[in-house]
Amino acid sequence: MGRVELKTLVLQSITVNGILEQIVMFWNLIKAPFIVPTLQVMVNICLVMSVMLFLERVCMGIVKLFIKLLGRKPEKNYKWEAMQEDVEYGTSNYPMVLVQIPMYNEKEVYQLSIGAACGLSWPSDRIIVQVLDDSTDLAIKELVEVECIKWASKGINIKYEIRHNRNGYKAGALKEGLKHSYVSQCDFVAIFDADFQPEPDFLCRTIPFFVHNPDIGLVQARWKFANADECLMTRMQEMSLNYHFSVEQEVGSQTCAFFGFNGTAGVWRFKALNEAGGWKDRTTVEDMDLAVRASLQGWKFVFVGDIKVISELPSTFKAFRYQQHRWSCGPSNLFKKMAIEIAMNKKVSFWKKLYVLYSFFLVRKVVAHVVTFTFYCLVLPLTVLIPQVEVPLWGIVYIPSVITILNAVETLRSLHLVVFWVVFENVMAMHRTKATIIGLLEIGNVNEWVVTEKLGDASKTKASSDVPVLCSAPVKKSGPTIWESYFCGPEFMG
């Protein structure tokens, strides 16, 4: 019996060894003529995309440097004079402003945004605050309505509006809100998401741009983050968004008078909004959609970085992942839908169309995501296993280093966290690339809209160390892992 078992084991060993030898033989057979050339082509394609991203970042960095050196400010580039009451007509010279606050089950933050909007320094007879409540939770709905009634009793012209469905999500709510009769008397509309808290002088600093410059259609303010120090993940987000505002928005505003509307903390001229065709819900980036269409009508946009509006960053990975899916899928889908329309437009210059198509859409919204994941997470690891494939040093060291530095310098206080930022961006690259492909191909959950969870008062939760490692999210009783400790507790793995 022992001999039979031994013989069986020997036969099995021979069979396994034979299979392994066949696999190795097959690998060696296809490696040189197929695997190596294919991988080399992938490397070359990724290097081309890396150069595209590198040149775009360097060019914007140079323009940003000149903007700083020359001291170019929106108030200097355009005519700007503070609004003042007319001696004879009082406040009638102030334009009528509508303030829209779209919200959906915002129990934690609804009081903050409504209170801030009602506290704006603007003549009370020249402003209407419109709360667009799409909440499905009846208890929250009642709380929001009571809050509106409270402010109305204080003399604030505030309207509480609801609808019977959520068609079009945020775009649908904003569009529906503009159908009310009292809106027709307004000249401008300011939009704030439920977690945004504008300073009292917000309108006093933005409206003058419109009054004295009839070609301006949008004034965008910068975001300021109340919970940036909540955990390492929020610090990483701060680094990326600071670059977006300080460089991408600033350069777009100063050079082409174009950038993507951020969907909140901005003011639109009603004429520009209407000429562009109003709000559309065909993508998950209704704000960018409107901005592109308005720009194609010849309207100019102004980004004012000195005006900052407090907001909240997603502090759980689940919320952040859904947000990034929307921010990555929507732009690529919009790019597909509008590329030909932009190219054929006759109202704007060739250079502006080139900037929108190449720099704004292709490089930033497609190439940046795809090359980060494909090159650094897939192709480079494979070249380690196949040394015959050549990858130039400048492609794996110099280009990514320069891009990282250009991004990091906009948040000097987090410069020591740059390694974590690189790792975090590579982790997110897979989710962003997937979303980008879904948007380009219009498949799967291309129009999925998940409202970003807000926790409210997050800025009060701070750790004593310079870099907080725990968020306000609940912690497992067994004790957090190293990864969870850095990235906001167990929700990070959601």
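**Notebook: loops, sheet and helix pairs**

Entry 1. I began with Ala265, which sits in the loop between α7 (232–255) and β6 (266–269). The model is a predicted one. I looked up the backbone and found phi of Ala265 near 60°, a positive value in a residue other than glycine. I noted for comparison that most residues other than glycine have a negative phi. Is Ala265 buried or exposed? Its relative accessibility is 0%, so Ala265 counts as buried, the cut-off being under 20%.

Entry 2. I then looked up Tyr169, where phi is near 50°, also a positive value in a residue other than glycine. Tyr169 belongs to helix α5 (residues 169–177). With 32% relative accessibility, Tyr169 counts as partly exposed.

Entry 3. Next I took the chain as a whole. The protein chain has 14 helices and 7 strands. Of its 494 residues, 52% count as buried. I also looked up contacts with a separation of 6 or more: 81% of them in the protein chain join residues 24 or more positions apart.

Entry 4. I turned to the sheet. In what order do the 7 strands of the open sheet lie? I wrote down β3-β2-β1-β4-β6-β5-β7, and the pairing is mixed. At the edges are β3 (158–162) and β7 (300–311), each of which pairs on one side only. On average, neighbouring strands of this sheet are turned by 20° against each other, direction ignored.

Entry 5. I followed the sheet to β3. Strand β2 (residues 127–133) runs parallel to β3, and 5 bridges join the two. I picked out Val131, whose bridge partner in β3 is Tyr160. Helix α4 (residues 138–152) lies across β1 (97–103), β2 and β3. Against β3, α4 runs at about 160°.

Entry 6. I moved on to helix pairs. Two packed helices are described by the angle between their axes and the distance between the axes. For helix α9 (residues 286–296) and helix α10 (residues 317–344), the axes come within 11 Å and cross at roughly 15°. That makes α9 and α10 roughly parallel to each other, since angles under 35 degrees count that way. Their crossing is right-handed. On the α9 side I listed Met288, Asp289, Val292, Arg293 and Leu296, which meet Pro331, Leu334, Met338, Glu341 and Ile342 in α10. Sorted by class, this contact of α9 with α10 has 7 nonpolar, no polar and 3 charged residues.

Entry 7. The second pair I looked up was helix α11 (residues 350–385) with helix α13 (residues 418–441), whose axes come within 8 Å and cross at roughly 130°. α11 and α13 are therefore oblique to each other. The crossing in which α11 passes α13 is left-handed. From α11 the contact uses Lys365, Val366, His369, Val370, Thr372, Phe373, Tyr376 and Cys377. From α13 it uses Glu425, Asn426, Ala429, Met430, Arg432, Thr433, Thr436 and Leu440. By class I noted 8 nonpolar, 5 polar and 3 charged residues in the contact of α11 with α13.

Entry 8. Last, I looked up Ser50 in helix α1 (residues 2–70). Which residues is Ser50 in contact with, leaving aside its neighbours within four places in sequence? The list is Val371, Phe375, Tyr376 and Ile399. Tyr376 was already in my notes, as one of the α11 residues in the contact with α13. Ser50 counts as buried, because its relative accessibility is 2%.

Key: Residues numbered from 1 in each chain as written. Predicted model: local features only at pLDDT ≥ 70, side-chain atom pairs only at ≥ 80, totals over all residues. Heavy atoms only, no water. Axes fitted to C-alpha atoms, helices over the stretch in contact; angles between N-to-C directions. Helix = DSSP H or I, 4+ residues; strand = E, 2+ residues; numbered from the N terminus. Parallel < 35°, antiparallel > 145°, perpendicular 65-115°, else oblique. Left-handed = near helix turned anticlockwise from the far one by under 90°. Contact = heavy atoms within 4.5 Å. Nonpolar A, V, L, I, M, F, W, Y, C, P; charged D, E, K, R; others polar. Pairing = 2+ DSSP bridges. Buried < 20%, exposed > 50% of the residue type's maximum accessible area, 1.4 Å probe, protein only.
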